[in-house]
Amino acid sequence: MRAFNRFYTNLIGALDYSRHLHAPYTLTESRVLYELAHSPRTDAADLRTELSLDAGYLSRLLGKFEKDGLVDRSPSERDSRRRRVALTARGRDAADLLDERSREVVGSLLASVPDGDRPRLTEAMRVIQGVLTPGAERPGREDVVLRPPAPGDLGWIIQRNAEIYAAEYGWNTEYESLVARIIADFAGDHDPDAERVWVAELAGRRVGSVMCVRDAAPATARLRLLLVEPDARGLGIGDRLVGACADFARETGYRDLVLWTNDVLKAARSIYQRHGFTLVAEKPHHSFGADLIGQDWRLALHDARPER
């Protein structure tokens, strides 16, 4: 953590902030101006608490700002013992200039980051902030969003299927090859009105996926590649994905929705059963470096809908 702190403070110029932004304010002074610009009716006590500043240091800093015509201080309307601090027109101009310079610096920094790495970067920042925030709440079911795939998502589906099944079941690259072929077939030639992929997103992070494609059998759709990230399980994401797939197949006019899975995938099989799938066939096989029992499941789409 100390190594990261040294790296990041150097990267953003925290130790020489005024030169970094070409502005006559230190990092602390800039933070105070920022807070005042975004909270126009702020008491000095609130400002001290928000920024964890020493009372004497903040008082001297505000005195300097007042002398420079950046702030006005007056008795608080809520409590005459407290001092209200507000930016003057000159102070707002200074805050706006700092905001503009900060955006330019961040823009220059991100310009060197490839587009494909930017989601990873922002997600890493969210993770650090969430983990180190006392009392931070874990995202709930209502925070999960299902969306169509964006550039990079299909590659992510291949990668995460390979990594997760290798880690949890010891499957080899034969499985990765199978997933890659399924995704390549979909990406190369699919009917957008009758075939679809969903990506589950939580707090800006991909946490699951599923796809619905046309099967060889007449009026039949096939559910493929249901996946939920291990640390996102328990939020009903698998149910949401299977439900979206079944609803889409039903509304598109398919009569049946089928899938092939393996007996070791107990959590997934429980989801399928909750949605009304029934087991129609089983067959032992050796695939992906393991002895497995493959299973075929079927859902009659125009039967009564299961409760979810």
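Reader: So what does the secondary structure of the chain come to?
Author: The chain has 11 helices and 10 strands, where helices (H or I, at least four residues) and strands (E, at least two) are DSSP runs numbered from the N terminus. Keep in mind that this is a predicted model, where local features need pLDDT of at least 70, side-chain atom pairs count only at pLDDT 80 or more, and totals for chains, interfaces and linings use all residues. Residues are numbered from 1 along each chain as its sequence is written, and side-chain values use heavy atoms, leaving out hydrogens and water.

Reader: Okay, what about its span along the principal axes?
Author: The C-alpha trace spans about 80 × 40 × 35 Å.

Reader: And how much of the chain is buried?
Author: Buried residues are 39% of the 308; buried means under 20% relative accessible area, exposed over 50%, partly exposed in between (1.4 Å probe, protein chains only).

Reader: New topic: what's the strand order in the open sheet of 3 strands?
Author: The order is β1-β3-β2, with antiparallel pairing; two strands pair if DSSP finds at least two bridges between them.

Reader: Why is one side of β1 and of β2 left without a neighbour there?
Author: β1 (42-43) and β2 (71-75) stand at the edges and each has a single partner strand, so one side of each has no neighbour in the sheet.

Reader: How many bridges join β1 to β3?
Author: There are 2, and β3 covers residues 83-87. In β3, R84 is the bridge partner of D43.
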